[in-house]
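Hi,

Here is the model I promised to send over.

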Amino acid sequence: MFGKKRVAIVGAGLTLFRRNLKETGKELAYEASKMALDAAGMELSDIQSVVMGTAPDAFDGVHMKGEYLADGAGARNKPYVRVYVGGGTGVFTPLAGWWHVASGQFDTCLVVCEEKMSSCFPHPAYAFTTIFDNILARPLGTTLIWIFALEMHRYMHKHNIKKEQIARVAVKNKRNALDHPCAQLAANITVEDVLNSEIMCWPVQRLDISPTSDGAAALVLASEDVAKKVTDNPVWIDGVGWCIDSTIWTNRDLYYPDYVEYAARMAYKMAGIKNPPKEIDLAEPYDPFDYKELHHMEGLLLCRKGEAPKLTEEGVTARDGDLPICPSGGLLGVGNPIAAAGAMKVCEVFWQLRGEAGKRQVPGDPRTGVAQAWGDLMQYGSVIVLRR
Amino acid sequence: MSLEKITDPRRMRHWLGHMETDYRYTLGIAGERFLNEIKENARIMGARCKRCGVIYVPPKMYCEECFEKLEEWIDLGTRGEVYTYTIAYVDMDGNRLAEPVIYALITFGDAYGGLIHKLGEVKPEEVWIGMPVEAVFKPPQERKGSITDIKYFKPAQ
Amino acid sequence: MSEKIKSYPGFRIKTADLREGKVPFEAWRPRVRYAWSAGIAMSRFLEELKNGRIIATYCNKCGRIMVPPRVFCEQCFKPVDGWKYVKDTGTINTYSVSFIAGDASRIKEPIIVAVIDIDGASPGMGILHKIGEINWKEVKFGMKVKAVWKPPEERVGSITDIKYFKPIREETL
């Protein structure tokens, strides 16, 4: 038994993901939170604690975003904390919610993730510039896509992976997203479309990348006693893991995400998972770029190193394949409001395990699912294992 | 590797920079309606929770207490009272202001919350907590749907 | 739940409508400026760049020679044991070719960026820099490169005192 109490997810809520939404960040947080509470059949007064996840303040252009968003997350006069680990935030926030309940301190916790990237213009990419080393990287004009392109290229080189193979991920996820009511970039595209799209930073092309988005997602967490009272089909948080690698990213081999493996091992140990590909029925690895889905499948030990492109080619990772990956449509298809995008993945696994994913439902009565996000400066992994 | 007492990093080896960001904040669902009422009708609105009865000003889309969606909007008029105030003698960079500026939190009856705004047509020494004040609006053609469509609050007659 | 929900909240607006002011907004431009001090290790590193040399620090416990230099070994969590000059040559560990600038706008001449593992430092000790004097289509993994320095009088103690790294051709070996 990890923690004093077993923790379940009993409700989930999600707003549309769009390039621009009119709602303020607070209003988006409210919409997702309210939907999650309604889904759980609970009132705000049933909530004992609130955890907020939201990425860099510079996107929204609101400093102390945690404080700013608190009322939209229903946190007034409640124990409240904002957590932030870059792109890893969306999966990390439910983990922090898990601490609240597993510790025995609270019976319920509302977990809310929000991002409103459209506030920053001409492009949110500007807000990223100050995440780099001020002395060594910024004077060179470093951009975010540079560093991902460097990682992608290293991964391709190490395993001799072709761009065609990676492009299949974008094709799959954007197609999966056609069935997601909140999706921003759902599309029926081909591998050729990806390969012919504009080159941003070779090998990264336009259609390899997820969009910037506004959106929010929320989850209601409850202790076992409460969960069994409010629902007949709770989804249990049976594994949590998180890890950070060296912050000097030019000193490590970018071809493999060790930090995801360490986080996954922590979560699997807790969940008693010994053979991940066999015991996990579906996964939502973080896919802000198409190669990242493959990279993260390997880090999550769902296949051997360098094997993920082959599984994708063979259709194993399709929604009706043996190991569905990103049945939601992922960040590539649904959109990428940073923290909310990771939480969207946890919502998806929750809905899939309850058999409530509608047109996106993966076949075979899934019982165990995993969601993962990736963040900070390319070296943070957060992993959650959910079970019915 | 001694630690010297240096307060200006520019005296050490350093790199200068800034964050090249601009922002556009949408007003949101409730905010857009609130500011539009100021712009079009020169009136200050609150939003009432039909479940707890709380009136929020500025209006919100939702009740902070019970999460009810707020759909009932109430005209609060243009008068309020000074709940608390401060007198600024320096600007953001610490420079002395030619004329002090009075900033106040203005409340409206029983409504929860209030508006932060300037006070005008009054001397600092004449302001008191509880003083009734009234909004002075810009002329309609100059209003843009911003909180600055209210020029300031002045003592009410 | 997902399948039971009829409509998802969110009021979509178009970027063009925002730009043209059809949707009201408040605008703001932060006025903050920063001066980032280089710190202990990096100040020495930059000073040496001004001299046309790359310097590392080393840890006697794990034996690593580390570039960029740091004052503590993050693996052994102890102070480093000293300074050591390394070469201004290295190997391309990975590279990318950028067709966009920091604001996501397009640029005409692509920039080749690379992680370069520095010779004389421990394996895998890379730094980020640009690659020049080569067509981007000809860059290869594992390619040997050498720093191209600015003339001494133009150096200011910055990573940009190295203009870029260029391939070491046969004749220069």
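Let me start with a salt bridge: the side chains of B:Asp22 and C:Arg29 meet at 2.7 Å, N to O (the term means a side-chain nitrogen of Lys or Arg within 4 Å of a carboxyl oxygen of Asp or Glu). Across the interface of chain C and chain B the rule finds two salt bridges.

Before I go on, the ground rules. This is a predicted model, with local features needing pLDDT of at least 70 and side-chain atom pairs counting only at pLDDT 80 or more, while totals for chains, interfaces and linings use all residues. Residues are numbered from 1 along each chain as its sequence is written, and side-chain values use heavy atoms, without hydrogens and water.

Back to the interface: chain C puts 30 residues into the contact and chain B 23, where contact means heavy atoms within 4.5 Å. About 2,300 Å² is buried between chain C and chain B, 60% of it from carbon and sulfur atoms (buried area is the accessible area, 1.4 Å probe, that two parts lose on being put together, summed over both). C:Glu26, C:Trp28 and C:Trp36 supply 23% of what chain C buries against chain B, more than any other three residues.

Then there is a helix pair in chain A. Helix α7 (residues 163–176) and helix α12 (residues 290–299) of chain A pack at about 105°, axes 7 Å apart, the axes being lines fitted to C-alpha atoms over the stretch in contact, with angles from 0 to 180 degrees between N-to-C directions. That makes α7(A) and α12(A) roughly perpendicular, a label for 65 to 115 degrees.

Cheers

How values were computed: Chains are lettered from A and ligands numbered from 1 in the order in which they are written. Helices (H or I, at least four residues) and strands (E, at least two) are DSSP runs, numbered from the N terminus. Angles under 35 degrees count as roughly parallel, over 145 as roughly antiparallel, 65 to 115 as roughly perpendicular and the rest as oblique.
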